[in-house]
Amino acid sequence: MSAPSPSSPLLPSRAPTPERALGKLFLTLFLRGRAVRGLKKAGVPKSVGWKLKLILGFYAFAGCMALTSLSQPVFTLAIYLHAMTLLFLGTYIASSAGEMLFNKEEADILGHRPVTSKALLRAKIQVLLRMSLWMAGAFNLVGFFVGVAASDGGWFFPVSHAFSTVLQALFCTGSVVLVYQLCLRWFGRERLDTVMTAAQVLMTVGFVVGSQVAPQLIARFGRQMHVQPDAWWMWLLPPAWFAGLDDALAGSHGKGSWAMAVAGVLLTVLVLWLAFGKLAQTYGAGLQAVNEATGSTPGPRKSGRGLLSQLVHAPPLRWWLRDSVSRASFLLATAYLMRDRDTKLRVFPGLAPMLVMPLIPFFSASDNGGAFSGLSILVPFSSCYLGILPLVALGLLETSQQWRAAEIFRAAPTPGPASLCHGARVAVMCLLVLPALLLYGVILWLVGIGAKQFALMLPGLILLPVYALIPCLRGHAVPISQPPEGVNAAGRGLRQLVVMFVSLALGGVSLWAFSTGWFVWFLLGEALIAAVVYLLMSRVAASVRWSSLE
Amino acid sequence: MISAHNLTKRFGYQTAVDALSFVVPAGQIVGFLGPNGAGKSTTLKMLTGIVEPTDGTATICGFDLRRDTLEVKRHIGFVPESGAVFESLTGLEYLVMIAALYGIPEDAAVARIRQFIAFFDLSFETLTDKLLGAYSKGMKHKVVITAALLHNPPVVFFDEPLDGLDANAAVGFKALIQTLAREGKTIVYSSHILDVVERVCDRVIIIDKGRLLADGRPDELIAARNAGTLERLFTDLTGGAELERRAKDFAMTFRS
């Protein structure tokens, strides 16, 4: 072992700039993720170019939906394109920006290197902007040409839409960065992590819910409220500002559109100035705060942990969680759902569409009265759709950046993952599914579902425990045990698809039983079958043994 | 080469480092010792510009830590205790990226990296074919050490550098830092492996609760306190002797 000569000259002949190196680094990290289950990565890593092409291809494919808006007015088409672009960009940027802007490990790697916090911020923003522009471009690719065929469109539409899309991408990225900077400025170091997590979760859920519900609201109320650029409520929707720009430049050229266009441009400039100019100086302080977070000693934490510890030892949870392993797993899952930023950012935005999707048909349907018509027809289908909620939640809770810590489960004297899965399942049912169902019930009541029609929720509810057992059949519900990049997304998606089809079929049968007077018998039969299936599945789940690690 | 004057760091009401002052000349290997939570890592993080001091000053290679932070960073190398790396990069991607931050062109960086991997008995294929997430702890640590020395810094801070290294690599590493010191580099070496510190370091600084407890040549400090070994000196100064009695009492609980 001969030591490398420390004094050999290292005179740069063609030195790359640190900014360029950082840009390349953050783009690679953005596309590959920050942590990998290295054991599975035996081969040469795939290039980020390949991954990028795949993402952009997906967005371009999703953008083909614009073909359904052929011959629509420019404003209508543009508002659709901008709303969807905002959804995709918003969720993508909001979920990635926190990790990218304030990463704790980064301080140990880059904190002592000769780069300023400003250079770091600039490189990160460039990557975020570049990604948003690429994604927005890919999604709007088909829309550019559809706009040419719009009823009041023309050949100038692609140019105007390219401009408005770039503007919107800048607005979206700037808004996300601005929220982070404001969190940093308004709340101290002690609460920074908690506040930023809450902001990120709310932003992502807001983007998802807003973009799903807004088009339905427009479709439902638009006719009464005139979907025109000059409608007052349009000013509340950011996509409308950029659609106004399209309409002003390549559509109706109306005054309302011009006003919106000006608002869009000015607000984008303002957001960019605040996010990247005015508040960028506080970024260095933010990084310091993150670096110091590990060295600080926060005051006593008022979490629900103490209360939960008492609850698991009291009925009914004590009956449900009979052994110490499942109780520990319950508390672990609960702690991660309440405290861990990574878990919260994965679980809550991931569940938001599950909650919104079943409600969307209610916005576009109308009740004509009767049991087999109007809104009531949607109840069993929607509640069955909600059945996949525990399935999705358990899948999301299974992954964590701290998956290595779960190796202790394998070292513990447990024959298999059954008790751990059980604890996580109970946590998901109590903390996520139950509140979601209550919320769903309240919303159904608000949209005018009668007490009698509420019974149509029962077929879906009866099957909930069965659905929740599905991941446990192969031990795939051990909390925080898998790296986010290492899960079999295709297999998980297929499971959800099958459950959804079964749920929809069940919804159809229950509706038939309801209309023919066999509903009570149907419920009894379903409950009996569900109980038998549940017992059988429980046995299978209990017999599962640890699979060998790859 | 390193001069710290009243270096202080407070986190809220807690003082992690309390008015620490010392001077380290060029070519010296200084063992930086203290029990867990003594403030070693915070001190190293302040000296490397990762954490801003609450009070006090420091200069490294004549550059003021607060005023010329970038110049300080250009002149230091740091092996953090965490051994953190970007796990989704290959070893080579990571090292070339780090080199670029110091303005080292890729070809020069690769030539230097080859020297290090030969020294650490790593294969170049490992560096190119595997993501860092797939490396063992020891291999990852070798990459982190390489990343700290790649730009040939005159001052190097090591925080638990032997963590995860196998016996051969540890022996080689000790020889490396002694060679580096002979070449005129200043080394600050924080470790809990006291016999290694005793053999390798010219001088030790012992801190506890952020305060300086002892500073001098290991043999002189040991002789002055009639401790016999550095480990005994360390436990005497930091209240570790009490731990032996507590350990005996605790072991008794296993009998019941």
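This is a predicted model: local features need pLDDT of at least 70, side-chain atom pairs count only at pLDDT 80 or more; totals for chains, interfaces and linings use all residues.

User: How many disulfides does a search of the whole structure find?

Analyst: A disulfide is a covalent bond between the sulfur atoms of two cysteines. A:Cys472 is in no such bond, and its nearest cysteine sulfur, in A:Cys421, is 4.6 Å away; the cut-off for a disulfide is 2.5 Å. Over all chains, the number of disulfides found is zero.

User: Is A:Cys472 buried or exposed?

Analyst: The relative accessibility of A:Cys472 is 3%. The limit for a buried residue is 20%, and therefore A:Cys472 counts as buried.

User: What does the secondary structure of chain A consist of?

Analyst: Chain A has 550 residues, of which 52% are buried. Of the contacts between residues at least 6 apart in its sequence, 83% join residues at least 24 apart. Its exposed surface comes to about 25,100 Å², with 69% supplied by carbon and sulfur atoms. The secondary structure of chain A consists of zero strands and 23 helices.

User: Which residues does A:His161 touch, leaving aside residues up to four places away in sequence?

Analyst: A:His161 is located in helix H6 of chain A, which covers residues 157-186. With a relative accessibility of 0%, A:His161 counts as buried. Leaving aside residues up to four places away, A:His161 touches A:Leu81, A:His82, A:Asn140, A:Phe144 and A:Asp246.

User: Turning to chain B, which strands stand at the edges of the open sheet of four strands?

Analyst: The strand order in this sheet of chain B is S2-S1-S4-S5, and the pairing is antiparallel. A strand at the edge has a single partner, so one of its sides is left without a neighbour in the sheet. In chain B this applies to S2 (14-24) and S5 (63-64).

User: At what angle does helix H1 of chain B run to S1(B)?

Analyst: Helix H1 of chain B, residues 40-47, lies across S1, S2 and S4 of that chain. Seven of the eight residues of H1(B) are buried, among them B:Leu44, B:Lys45 and B:Met46. After H1(B) comes B:Gly49, with a positive phi near 80°. The angle of the helix to S1(B) is about 120°.

User: Which residue of chain A forms a salt bridge with B:Lys45?

Analyst: Side chains of opposite charge can pair when their charged atoms come close. Here the N to O distance is 3.6 Å, within the 4 Å required. B:Lys45 belongs to H1 of chain B and its partner to helix H4 of chain A, so the pair joins two chains. Both residues are buried, and the partner is A:Asp108.

User: Which residues are linked with A:Arg404 in a network of salt bridges?

Analyst: In one pair, the closest N and O atoms of B:Lys140 and B:Glu87 are 3.1 Å apart. B:Lys140 lies in helix H6 of chain B and B:Glu87 in the loop between S6 and H3, so the pair ties together parts that are 53 residues apart in sequence. Both of these residues are buried. Linked with A:Arg404 in the network are B:Glu87 and B:Lys140.

User: Why are B:Asp249 and B:Arg245 separated by about one helical turn?

Analyst: These two residues form a salt bridge, with the closest N and O atoms 3.0 Å apart. B:Asp249 is partly exposed at 42% relative accessible area, and B:Arg245 is partly exposed at 43%. Their separation is about one helical turn because, within helix H11 of chain B, they are four residues apart.

User: Finally, which residue is the bridge partner of B:Ile76 in S7(B)?

Analyst: B:Ile76 and B:Phe78 lie on one side of S6(B), with B:Gly77 and B:Val79 on the other, and all are buried. S6(B) runs parallel to S7(B), residues 155-159, and four bridges join them. The bridge partner of B:Ile76 is B:Val155.

How values were computed: Residues are numbered from 1 along each chain as its sequence is written. Chains are lettered from A and ligands numbered from 1 in the order in which they are written. Side-chain values use heavy atoms; hydrogens and water are left out. Two strands pair if DSSP finds at least two bridges between them. Contact means heavy atoms within 4.5 Å. Axes are lines fitted to C-alpha atoms, for helices over the stretch in contact, and angles run from 0 to 180 degrees between N-to-C directions. Buried means under 20% relative accessible area, exposed over 50%, partly exposed in between (1.4 Å probe, protein chains only). Accessible areas come from the Shrake-Rupley method with a 1.4 Å probe; for residues, only the protein chains shown count as cover. A salt bridge is a side-chain nitrogen of Lys or Arg within 4 Å of a carboxyl oxygen of Asp or Glu.
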